[in-house]
Amino acid sequence: MQVKELMKNPYVIDKDINLAETAKIMSSKSIGCLLFVYRGKVKGIISESDLLKNFGENKMLSQIMSKNIISINPDETIEGALKLMKENKIKRLPVVSKQKQLVGLISMTDIAANADKLDGEFLFN
């Protein structure tokens with residue numbers, strides 16, 4: 001199975017906002033991360049754990065977001081996505097085209113929710 005078969009549309013933001021606003025957006029949308037995008041390209045990602053680590057601080061999204069983005073191509077396999085997640089100890093991967101344009105997001109939750117459709121052996125290696 002390929003990444004493009006399980007990826008979802010990500011929630012993106014294109015302006016720098018404070019952490020309180022970030023938390024409100026994530027809470028109201030019931031999402032675990034936001035992608036910071038500029039001209040269609042992912043420049044950063046912020047997760048719930050990033051917010052928790054900086055709780056109560058008067059900071060901007062750009063100050064705490066992860067900027068070293070690890071992404072995956074939509075044609076890559078789910079096995080490849082899991083390997084990247086495991087190697088980098090992350091739960092989410094932005095999905096980007098060959099032109100480096102954001103096309104989706106795949107998470108460990110997406111993969112687990114579809115485990116019955118996958119060859120389960122690689123999930124536990």
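Which residue takes a positive phi in the hairpin of strand 4 and strand 5? The points below take up that matter after a word on the model.

1. Basis of the note. This is a predicted model, in which local features need pLDDT of at least 70 and side-chain atom pairs count only at pLDDT 80 or more, while totals for chains, interfaces and linings use all residues. Residues are numbered from 1 along each chain as its sequence is written, and side-chain values use heavy atoms, with hydrogens and water left out.

2. The hairpin. The residue asked about is Lys100, which takes a positive phi near 70 degrees in the hairpin of strand 4 and strand 5, where five residues stand between the strands. Helices (H or I, at least four residues) and strands (E, at least two) are DSSP runs, numbered from the N terminus. Lys100 is found in the loop between strand 4 and strand 5, and Lys100 is exposed, with a relative accessible area of 51%; here exposed means over 50% relative accessible area, buried under 20%, and partly exposed in between, with a 1.4 Å probe and protein chains only.

3. Strand 4 and strand 5 pair in the antiparallel sense over five bridges, where two strands count as paired if DSSP finds at least two bridges between them. Within this pairing, Val96 stands opposite Leu102 in strand 5. Four of the five residues of strand 4 are buried, so strand 4 is largely enclosed by the rest of the structure.

4. Other positive phi values. Most residues other than glycine have a negative phi. Arg39 is not a glycine, yet has a positive phi of about 55 degrees; Arg39 lies in the loop between strand 2 and strand 3 and, at 68% relative accessibility, counts as exposed.

5. An open sheet of three strands has the order 1-2-3, with mixed pairing. Its edge strands are strand 1 (12-13) and strand 3 (41-47), each of which pairs on one side only. Strand 1 and strand 2 (residues 33-38) run parallel and are joined by two bridges, and Val12 has Leu35 in strand 2 as its bridge partner.

6. Helix 4 and its packing. In helix 4 (residues 78-88), the residues Ile78, Gly80, Ala81, Leu82 and Met85 are buried. The buried residues of helix 4 pack against strand 4 (92-96), strand 5 (102-107) and helix 5, with contact taken as heavy atoms within 4.5 Å.

7. Leu52, by contrast, lies in helix 2 (residues 48-53) and is exposed, with a relative accessible area of 66%. The C-alpha atoms of Leu52 and Pro94, which are 42 residues apart along the chain, are separated by 21 Å.

8. The largest pocket. A pocket is found on a 1 Å grid over the protein atoms alone, as an open set of points where a 1.4 Å probe fits, with protein on both sides within 12 Å along at least five of seven lines, and lining residues have an atom within 4 Å of a point. The largest pocket holds about 440 Å³ of space, the volume being the space filled by probe spheres set on the points, which are joined across faces, edges and corners. Its lining has 16 residues, of which Ser47, Ser49, Ile90, Lys91 and Arg92 lie nearest the centre. Strand 3, helix 2 and strand 4 each supply at least two residues of this lining, and helix 2 gives the most, with four. By class, the lining of the largest pocket divides into six nonpolar, four polar and six charged residues, where Ala, Val, Leu, Ile, Met, Phe, Trp, Tyr, Cys and Pro count as nonpolar, Asp, Glu, Lys and Arg as charged, and the others, Gly among them, as polar.

9. The second largest pocket. About 290 Å³ of space lies in the second largest pocket. It is lined by 16 residues, and the closest to its centre are Ile31, Gly32, Arg92, Leu105 and Ser107. Strand 5 and helix 5 are the elements that give two or more residues to this lining, the largest share, three residues, coming from helix 5.
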